[in-house]
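Good morning, and thank you for making time on the agenda.

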Amino acid sequence: MLSHSHPEPPRTGRPRSAAADEAILEATRASLVDLGWSKLTMGDVATRAGVAKTTLYRRWAGKNELVVDAVAVLFDELELPDLGSLSADVQAVVLQFAALLERPEARTALMAVVAVSTRDEALRTRIRDSIVYRQKRLVLQGRQRAQERGELPVEQDEKRAATTADLIFDVIAGAVVHRALVSAEPIDADWARRFTVLLLAGLGAAASA
């Protein structure tokens, strides 16, 4: 996916503390698990994190933005291993993703922000920017490796290549989230293997077409 970077304006005031940010995001996830979305407040998060409430508001406009960032940090933990084949790489990242969704803080936070975002366009945009677009890096990495190994053809048309990356991401994310959070069915090594076979067969058919 093509992106354009813009220089960030210089920051003013005291520099942000990475330790404080980490404590705030961890406190946010704990609050969600304990209280749920409706009862979570910026005040409760501040108390748990051991910071002033004004510290939160200097960083986040409200709890919507705060919770999305708390979820995004968890998704940033996902990594695409290089196991020598596209099939093995996909299976590994699917199992990582499933394990992440088994964590109460990830499950509760993701379901909460997705539910609220159905009525909040700004929140949907933040989810796309902070979670979806950032995690598409895994698809781009995996596809590049597979192309270097000769497992996938190189798509010369950049727009078509970006569309293919979007489809791959949607299929993987959609299937794993639906099975883990909607159907509440287990995602084990056998399911990951069968899913990967189906995905790669579809990619092969698409390339032939």
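Gln 147 lies in helix 7. Please bear in mind throughout that the model before you is predicted. Is Gln 147 buried, exposed or partly exposed? Its relative accessible area is 21%. Since buried means under 20% and exposed means over 50%, Gln 147 counts as partly exposed.

Which residues does Gln 147 touch, once its neighbours within four places in sequence are set aside? The partners are Leu 152, Pro 153, Val 154 and Glu 155.

Leu 86 brings us to the packing of two helices. In general, such a pair is described by the angle between the two axes and by the distance between those axes. For helix 5, residues 86-102, and helix 7, residues 121-149, the angle is about 165° and the axes are 10 Å apart. Angles over 145 degrees count as roughly antiparallel, and therefore helix 5 is roughly antiparallel to helix 7. Their crossing is right-handed.

Which residues make this contact? Helix 5 contributes Leu 86, Asp 89 and Val 93. From helix 7 come Leu 138, Gly 142, Arg 145, Ala 146 and Arg 149. Sorted by class, the contact comprises 4 nonpolar, 1 polar and 3 charged residues.

Let me turn to a second residue, Thr 196, which is found in helix 9, residues 189-208. Thr 196 has a relative accessibility of 0%, so it counts as buried. Leaving out residues up to four places away in sequence, Thr 196 touches Ser 87, Val 90 and Gln 91.

I now come to the chain as a whole. How many helices and strands does the protein chain have? There are 9 helices and 0 strands. Read from the N terminus, the order of elements is accordingly α-α-α-α-α-α-α-α-α.

The protein chain has 209 residues, and 38% of them are buried. Its accessible surface comes to about 12,000 Å², with 56% of that area belonging to carbon and sulfur atoms. Finally, among contacts in the chain with a separation of 6 or more, 66% are between residues 24 or more positions apart.

That concludes my presentation, and I thank you for your attention.

Note on methods:
Residues numbered from 1 in each chain as written. Predicted model: local features only at pLDDT ≥ 70, side-chain atom pairs only at ≥ 80, totals over all residues. Heavy atoms only, no water. Helix = DSSP H or I, 4+ residues; strand = E, 2+ residues; numbered from the N terminus. Buried < 20%, exposed > 50% of the residue type's maximum accessible area, 1.4 Å probe, protein only. Contact = heavy atoms within 4.5 Å. Areas by Shrake-Rupley, 256 points an atom, 1.4 Å probe, with all protein chains shown as cover. Axes fitted to C-alpha atoms, helices over the stretch in contact; angles between N-to-C directions. Parallel < 35°, antiparallel > 145°, perpendicular 65-115°, else oblique. Left-handed = near helix turned anticlockwise from the far one by under 90°. Nonpolar A, V, L, I, M, F, W, Y, C, P; charged D, E, K, R; others polar.
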